[in-house]
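I opened this model to take notes on its fold.

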Amino acid sequence: MTFSHLSHLDCARCGRRHDADTVNNLCECGSPLLARYDLAAAGKAVRPADIAGRPPTLWRYHEVLPVREEGRVVSLGEGMTPLLPLAALGQEMGVPGLLMKDDGLIPTGSFKARGAAVGVSRAAELGVTGFAMPSNGNAAAAWAMYGARAGLRSVVAMPEDAPTITRAECAAAGADLFLVRGHIGDAGRMIADLIGRSGGALMDASTLKEPYRIEGKKTMAYEIVEQLGWRCPDVIVYPTGGGVGLIGIHKALAEMRQLGWITGPQPRLVAVQATGCAPVVQAFRAGAREAEPWPQPRTVAFGLTVPKPLGDFLILDALYDTNGTAVAVDDADTLAEQLRCAQLEGAFICPEGAAALAAVRVLRKEGWVGEQDQVVVLNTGAGVKYPETVTVTVPTFDPGDSLPTR
Ligand SMILES: *Cc1c(COP(=O)(O)O)cnc(C)c1O
Ligand SMILES: [Zn+2]
């Protein structure tokens, strides 16, 4: 049995073909590379019904993942997260078919685990012994943890105001961690310089500069479709920083269509950003094919602080191709939605996920989302990773005091 039907890598911009069995970064033209599979063979090797009996991790889609040898899979049990109905919140918004794909329940507490599991597994399989990357925190934490499990050295640089827990995660995993007084773009330039001086010892694992993290993140779409009984929802709403998840979802939908696993209209894809950093929203509104760098990016939804995504043209393609849209949400609305979700649904989601939920409220008011639409919102991380987003004012008592009734 062929574990992976990976065939080659294609440049997303110039179409040039690259060998998938050597370590690759960007194409000569500067564009990200996309993994391609022999989907005709994969479609013969496995059918949706076969997948149902496999273990509940993202590796259940191994035919369309890039790791060639099953024994090279580095897993912490990631994937097959719940697709939760949000009945109360949906009713309040006027979207009774509201669902949340909850990636807060995944190793390391953010969906970056998907990209890290697949990216690290494949890097180790290709003989890589160490990697370096800039990160807004969650990616560094996930790659450090999976890197530790794979026995790889990890070097990460993150803005000093990234969520503090992610520092502890990197340190705990034994990564070389650097804090930068700046944003992820600044950290990226420092990492690129460091890799240049490393004499080939470190693979560049920056967002979209290696082709396999997108393969991990695309499994969100495979899971959503499988969990809906091999059917697509009407709308998928995604909090967009570097946009890897959105690009991956768009790619997975195309693959599933080619495999014959889905038919019918495509889900409309929505990119959600924060008003403090919305380069994709700005470009979408202008009908542009790429984004302008956002000056002084700032938002409580820290994973969205990406001033100029490398894959901007792929994100915008996904939106145009699916009749999607892009929405910017301000931090106050994001934080209010985070509390609303916890109060009505018992789900403590991350601010990025809360921004995506808040966008549904806006799109419903504008009529872009209809009452009959089935809408899937991606919650990309656990609220417990961001304790500072909730202001808590509670009284303290001494033992023996009598506590007030409400
Ligand atoms: C990184 C991150 C995002 C954005 O993901 P991209 O793939 O970079 O668009 C959203 N939410 C959380 C919690 C993240 O860590
Ligand atoms: Zn190219």
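**Entry 1**

I looked up the neighbours of Cys14: leaving out residues up to four places away in sequence, Cys14 touches Cys27 and Cys29. Contact here means heavy atoms within 4.5 Å. The model is predicted, so I note the limits: local features need pLDDT of at least 70, side-chain atom pairs count only at pLDDT 80 or more, and totals for chains, interfaces and linings use all residues. Residues are numbered from 1 along each chain as its sequence is written, chains are lettered from A and ligands numbered from 1 in the order in which they are written, and side-chain values use heavy atoms, with hydrogens and water left out.

Where does Cys14 lie? I find Cys14 in the loop between S1 and S2. Helices (H or I, at least four residues) and strands (E, at least two) are DSSP runs, numbered from the N terminus. Cys14 has 47% relative accessibility, so I log Cys14 as partly exposed. My scale is relative accessible area with a 1.4 Å probe and protein chains only: buried is under 20%, exposed is over 50%, and partly exposed is in between. I also checked Val120, which is 106 residues from Cys14 along the chain; their C-alpha atoms are separated by 27 Å.

Next I traced the strands around this loop. Three strands form an open sheet in the order S2-S1-S3, and the pairing is antiparallel. Strand S2 (17-18) and strand S3 (33-37) are the edge strands, each pairing on one side only. Two strands count as a pair if DSSP finds at least two bridges between them. Strand S1 (residues 6-11) and S2 are joined by two antiparallel bridges. Asp10 faces Arg17 in S2. On the other pairing, S1 and S3 share five antiparallel bridges. There, Leu6 stands opposite Tyr37 in S3. S3 is mostly covered, with four of its five residues buried.

**Entry 2: the parallel sheet**

I moved on to a sheet of four strands. This open sheet has the order S8-S7-S6-S9, with parallel pairing. Strand S8 (176-180) and strand S9 (203-204) are at the edges with a single partner strand each, so one side of each has no neighbour in the sheet. Strand S6 (residues 130-134) and strand S7 (residues 153-159) pair in parallel over five bridges. I picked one bridge: Pro134 has Ala157 in S7 as its partner.

**Entry 3: strand S5**

Is strand S5 enclosed or open? Five of the five residues of strand S5 (residues 98-102) are buried, so the rest of the structure largely encloses S5. In a regular strand, side chains alternate between the two faces of the sheet. I checked the directions in S5: Leu98, Met100 and Asp102 point one way, Leu99 and Lys101 the other way, and all are buried.

S5 has two pairings in my notes. Strand S4 (residues 83-85) pairs with S5 in the antiparallel sense over three bridges. Leu83 is opposite Lys101 in S5. Strand S13 (residues 375-379) runs parallel to S5, and five bridges join them. Here Leu98 stands opposite Val375 in S13.

**Entry 4: Ile349**

I then looked up a loop residue. Ile349 is in the loop between helix H12 (331-345) and helix H13 (351-365). Ile349 has 0% relative accessibility and counts as buried. Leaving out residues up to four places away in sequence, Ile349 touches Met100, Gln338, Cys341, Ala354, Leu357, Asn379, Gly381, Ala382 and Gly383. Met100 is a residue of S5 that I logged above as buried. Asp103 is 246 residues from Ile349 in sequence, yet their C-alpha atoms are 9.1 Å apart.

**Entry 5: the whole chain**

The protein chain has 13 helices and 13 strands. Its radius of gyration is 21 Å, close to the 22 Å of the globule rule for 406 residues, so the chain is as compact as a globular protein of that length. That radius is taken over C-alpha atoms, and the rule is 2.2 Å times the number of residues to the power 0.38. The C-alpha trace spans about 70 × 50 × 45 Å along its principal axes. Of the 406 residues, 58% count as buried. Among contacts with a separation of 6 or more, 71% are between residues 24 or more positions apart.
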